[in-house]
Amino acid sequence: MKYYEIVLMINPDQSDQVNNIIKYYKKFIYKNKGLISRFEDWGRRQLSYPIFKWHKAHYVLINILLKSNLIKDIEKSLRINENIIRYLIIKTKTERTNISYILKSKDESQEKRNDVIKTI
């Protein structure tokens with residue numbers, strides 16, 4: 001079993017289908033005796049450059065523990081799924097459970113906004 005980090009960029013027009021897409025991959029991982037160590041839904045974010053004339057995408061981060069031969073099945077499924085604009089699968093050396101920098105910075109900016117609102 002090896003550790004992997006998967007980042008999904010989902011079609012912004014399919015934001016209502018994000019839960020179904022996530023359920024499918026979670027079910028696949030658990031069915032094959034895998035483990036999800038971190039799951040983060042980053043929401044809709046601006047793209048650096050347009051992809052298929054879209055300027056935004058729905059981002060999802062998943063860290064998993066899975067057998068290396070099964071990651072090819074996930075990759076094939078991601079490639080076929082037309083709701084997935086882009087994906088990235090990275091093999092990591094250790095398990096990742098801490099909050100990502102993206103969410104940490106998002107929480108900090110939200111706290112700053114709340115502090116400003118309280119002072120007004």
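Strands here are DSSP runs of E, at least two residues long, numbered from the N terminus, and I call two strands paired if DSSP finds at least two bridges between them.

Housekeeping next. I'm working on a predicted model, where local features need pLDDT of at least 70, side-chain atom pairs count only at pLDDT 80 or more, and totals for chains, interfaces and linings use all residues. Residues are numbered from 1 along each chain as its sequence is written, and side-chain values use heavy atoms, with hydrogens and water left out.

**Strand β3**

I looked up β3, residues 54-66, and found 10 of its 13 residues buried (under 20% relative accessible area, 1.4 Å probe, protein chains only).

Then its partners. β1 (residues 2-10) runs antiparallel to β3, with nine bridges joining them.

Histidine 58 in β3 is the bridge partner of arginine 44.

I went to the turn as well: β2 and β3 make a hairpin with two residues between them, and phenylalanine 52 in that turn has a positive phi of about 50°.

**Arginine 38**

Is this arginine 38 buried or exposed? I got a relative accessible area of 9%, so arginine 38 counts as buried. Arginine 38 sits in strand β2.

Its side chain makes a polar contact with the glutamate 5 side chain at 3.1 Å (N or O atoms within 3.5 Å; within protein, one able to donate a hydrogen and the other to accept it, and sequence-adjacent residues count only if both atoms are side-chain atoms).

Leaving out residues up to four places away in sequence, I listed what arginine 38 touches, including Leu61, Ile62, Asn63 and Arg96 (heavy atoms within 4.5 Å).

How values were computed
Buried means under 20% relative accessible area, exposed over 50%, partly exposed in between (1.4 Å probe, protein chains only). Helices (H or I, at least four residues) and strands (E, at least two) are DSSP runs, numbered from the N terminus.
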